[in-house]
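I set out to record what I looked up in this structure, entry by entry. I begin with strand pairing and then turn to the ligand.

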Amino acid sequence: MGHGVAMDAIRGGLGGGPRSGLGARIAASARRFGPLPWSTFMEAALYDPADGFYQAGGRAGREGDFVTSPELGPLFAAVVARALDRCWEELGRPDPFVVVEAAAGAGTLARDVLAAAPACSPALRYVLVERSAALRGAQGDVLPIELPAFVLGPIAADSDPDDDDARAMPGTGPLLTSLAELPAGPITGVVLANELLDNLAFDLLEWRHGRWHEVLVAAAAPAADELVELLVEAPPDVAAEATRLAGEPAEGARIPLQRAAVEWLRQALATVEAGRVIVIDYADTTDALARRRWGDWLRTFRQHQGALSPLQSPGTQDITCVVAWDQLAAVRPPDDNRTQAEWLAEQGLHSLVEAARALWRDRAGVGDLAALVARSRVHEAEALTDPGGLGGHRVLQWIIDGAA
Ligand SMILES: C[S@@+](CC[C@H](N)C(=O)[O-])C[C@H]1O[C@@H](n2cnc3c(N)ncnc32)[C@H](O)[C@@H]1O
């Protein structure tokens with residue numbers, strides 16, 4: 001059974017229908033073509049063009065389904081703006097300086113980075129990459145989005161790429177554009193992804209009776225829409241990879257195989273000619289995940305609640321997985337790997353927060369807007385650095401030296 005066949009059947013061939021109809025379509029596809037790999041199920045649940053969670057309006061934010069660092073408030077973006085300036089300086093202040101934000105959502109981080117007015121702004125070409133058409137559409141509400149050709153390259157397909165008139169002139173940034181996929185590159189600048197890789201489809205393996213098994217998704221009964229797990233012995237190459245990553249763990253242990261995340265990293269590294277790839281996410285190693293209860297690292301979210309089992313009501317809840325960073329390191333070991341709390345401190349979070357703390361001390365009695373903004377900045381810093389929450393995320397950086 002090819003994954004493509006099953007996906008096509010889920011996409012179009014088995015009828016559209018309301019959001020809750022996705023489970024029925026997946027079940028029908030599994031009956032017709034056989035049980036689906038976990039990654040195929042997850043692709044459909046999150047990204048089905050009609051009913052996938054992210055296509056149908058699922059999103060980060062206080063009003064959304066879960067809160068991420070940029071959605072807490074503007075402090076995270078202010079620190080990112082500092083990090084971008086450092087990178088721009090390291091590269092010798094190039095113009096254009098291209099920042100590709102993968103998983104840009106509705107544009108919150110981009111908006112707040114620009115509001116922080118980084119020194120690189122006049123050179124900045126900011127590319128929001130977001131797979132969900134609904135979220136790409138929402139970016140235009142908060143940002144001045146230009147045509148890609150105007151921001152990234154020749155305006156007309158047949159224009160000469162060496163012709164300066166065909167490109168935006170130096171010093172005219174910041175210019176923004178929005179794409180559904182990573183640009184081809186090569187770029188001088190940064191590819192940044194906050195909480196993207198945990199949302200990319202992975203396969204799921206289980207160690208049982210001394211062997212690795214793939215966890216597949218099947219229809220519960222001939223006529224039912226309910227989905228159930230089915231274990232089948234993993235092919236030898238997959239089993240060998242799982243053993244290399246996690247050894248021979250305890251009975252019932254599970255691990256994710258994150259091939260889509262690995263492929264995304266390969267593409268991101270190939271896009272950058274000089275600069276950095278920065279990945280921020282909750283992360284651990286595969287063998288550590290094998291020792292944890294799998295419900296701790298394979299999670300679902302709906303309106304801020306840890307929601308249902310992943311197979312229930314596909315399309316109505318987020319499905320996410322702690323990123324196995326050792327699998328990414330097999331592409332190329334990161335040049336830097338530290339917690340978000342450590343990374344924020346290194347970028348100067350402390351000075352930004354101290355200024356806010358002093359303002360709050362001075363103006364708490366007045367209780368004006370400036371005082372309230374200062375107080376919320378202090379609270380944001382606490383949440384961003386909480387070791388049991390966002391502060392425990394890992395910031396992985398790959399440095400691409402253009403001269404190498
Ligand atoms: C957990 S949200 C994070 C959004 C934002 N970065 C934040 O931190 O608030 C993940 C986002 O990644 C998007 N996404 C998934 N696959 C993608 C891909 N291959 N390229 C770009 N965006 C993708 C989803 O549509 C979703 O908006």
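This is a predicted model: local features need pLDDT of at least 70, side-chain atom pairs count only at pLDDT 80 or more; totals for chains, interfaces and linings use all residues.

Entry 1. The strands concerned are E7 (residues 203–208) and E8, which pair in the antiparallel sense over four bridges. I then checked the turn: the hairpin of E7 and E8 has two residues between the strands, and His 209 takes a positive phi near 50° there.

Entry 2. I followed E8 to its other partners. With strand E9 (residues 227–233), E8 pairs in the antiparallel sense over seven bridges, and Ala 219 stands opposite Leu 227 in E9. Strand E1 (residues 36–37) also pairs with E8, in the antiparallel sense and over two bridges. In that pairing I noted Val 217 of E8 as the bridge partner of Leu 36.

Entry 3. Is strand E8 largely enclosed or left open by the rest of the structure? Of the nine residues of E8 (residues 211–219), eight are buried, so the strand is largely enclosed by the rest of the structure.

Entry 4. I next traced the open sheet of eight strands, whose order is E4-E5-E3-E2-E6-E11-E18-E17 with mixed pairing. Strand E4 (145–146) and strand E17 (336–339) stand at the edges with a single partner strand each, so one side of each has no neighbour in the sheet.

Entry 5. Within this sheet I examined strand E2 (residues 97–102) and strand E6 (residues 187–194), which pair in the parallel sense over five bridges. Val 98 lies in strand E2 and stands opposite Gly 189 in E6. Val 98 counts as buried because its relative accessibility is 7%, the cut-off being under 20%.

Entry 6. I turned to the ligand, which 18 residues surround; Tyr 47, Thr 68, Ala 103, Glu 130 and Asn 194 are the closest. The shell comprises ten nonpolar, four polar and four charged residues. Both domain 1 (3–62 + 199–265 + 280–329) and domain 2 (69–194) contribute residues to this shell, so the ligand lies between them.

Entry 7. For Asn 194, a polar side-chain atom lies 2.8 Å from a ligand oxygen atom. Arg 131 uses a backbone N or O atom, 3.3 Å from a nitrogen atom of the ligand. The protein covers 93% of the 600 Å² of accessible area that the ligand has on its own.

Conventions:
Residues are numbered from 1 along each chain as its sequence is written. Side-chain values use heavy atoms; hydrogens and water are left out. A residue is near a molecule or strand if one of its heavy atoms lies within 4 Å of it. A polar contact is a pair of N or O atoms within 3.5 Å; within protein, one must be able to donate a hydrogen and the other to accept it, and residues adjacent in sequence count only if both atoms are side-chain atoms. Accessible areas come from the Shrake-Rupley method with a 1.4 Å probe; for residues, only the protein chains shown count as cover. Ala, Val, Leu, Ile, Met, Phe, Trp, Tyr, Cys and Pro count as nonpolar, Asp, Glu, Lys and Arg as charged, and the others, Gly among them, as polar. Domain bounds come from an automatic or database domain assignment. Two strands pair if DSSP finds at least two bridges between them. Buried means under 20% relative accessible area, exposed over 50%, partly exposed in between (1.4 Å probe, protein chains only).
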